[in-house]
Amino acid sequence: MNKSLLIIEDNENLRDFYSSALAELNIDVHTAGDGIEAFKKIAQKEYDLYIVDIFLPNITGLEVIKVLRERYEKAKILIVSAAATDAITEEAMRLGAAALLRKPFRLNELREAVAKLI
């Protein structure tokens, strides 16, 4: 069975870009455009990895991380952000994120982080 991940990213172009790059790793890639859509998918399925943008519409990435931790104690979470402050990054890590990639990053950095976490 293939590993699966959920990309929670509000920028559609980035979601598609990440999806196509990670599909090459033989991973089932699922996406959500905001926290509400992510919660619906999280309620239906546990993924092997969650890639969470910190700044999402409606529900923040930090709130998504909190819910993931409550629902799936051992969830592996990779946060991505272009504008997260050190305080926000520290809070995300405290909540249980395993790693951070700052945008912009290279695709090989994303693939390496995903391969390491999954």
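The radius of gyration is taken here over C-alpha atoms, and the rule for a globule is 2.2 Å times the number of residues to the power 0.38. For a chain of 118 residues, a compact globule would thus have a radius of gyration near 13 Å, and the protein agrees with this, having 13 Å. The structure is a predicted model.

## Overall form

Five helices and five strands make up the secondary structure of the protein. Read from the N terminus, these elements follow the order β-α-β-α-β-α-β-α-β-α. Along the principal axes, the C-alpha atoms occupy a box of roughly 35 × 30 × 25 Å.

Of the 118 residues, 45% are buried. Among contacts with a separation of 6 or more, 61% are between residues 24 or more positions apart.

## Charged side chains

The protein carries 16 positive and 19 negative side chains. The centres of these two sets lie 4 Å apart. Across the whole structure, six salt bridges are found.

| Salt bridge | N to O distance |
|---|---|
| Glu37 and Lys41 | 3.9 Å |
| Lys103 and Asp53 | 3.4 Å |
| Arg94 and Glu91 | 2.8 Å |

The pair Glu37 and Lys41 belongs to helix α2, which covers residues 35-44. The two residues are four positions apart, about one turn of the helix. Glu37 has 32% relative accessibility and therefore counts as partly exposed. Lys41, at 24%, also counts as partly exposed.

Helix α4, residues 86-95, holds the pair Arg94 and Glu91. Because these residues are three apart in the helix, about one helical turn separates them. Arg94 is exposed, since its relative accessible area is 59%, where exposed means over 50%. Glu91 has a relative accessible area of 25% and is partly exposed.

The salt bridge between the side chains of Lys103 and Asp53 has an N to O distance of 3.4 Å. This pair links distant parts of the chain, its members being 50 residues apart. Lys103 lies in the loop between β5 (99-102) and α5 (107-117), whereas Asp53 lies in strand β3 (residues 49-53). Buried means under 20% relative accessible area, so Lys103 counts as buried at 18%. Asp53 counts as buried at 4% relative accessibility.

Elsewhere, salt bridges that share partners join Glu9, Asp53 and Lys103 into one network.

## The surroundings of Ser19

Ser19 is part of helix α1, which covers residues 12-23. With a relative accessible area of 16%, Ser19 is buried. Apart from its neighbours within four places in sequence, Ser19 is in contact with Ile7, Val29 and Thr31. His30 is 11 residues away from Ser19 along the chain, and the C-alpha atoms of the two are separated by 7.7 Å.

Conventions: Residues numbered from 1 in each chain as written. Predicted model: local features only at pLDDT ≥ 70, side-chain atom pairs only at ≥ 80, totals over all residues. Heavy atoms only, no water. Buried < 20%, exposed > 50% of the residue type's maximum accessible area, 1.4 Å probe, protein only. Contact = heavy atoms within 4.5 Å. Lys, Arg positive; Asp, Glu negative; His and termini not counted. Charge placed at Lys NZ, Arg CZ, Asp CG, Glu CD. Salt bridge = Lys/Arg side-chain N within 4 Å of Asp/Glu carboxyl O.
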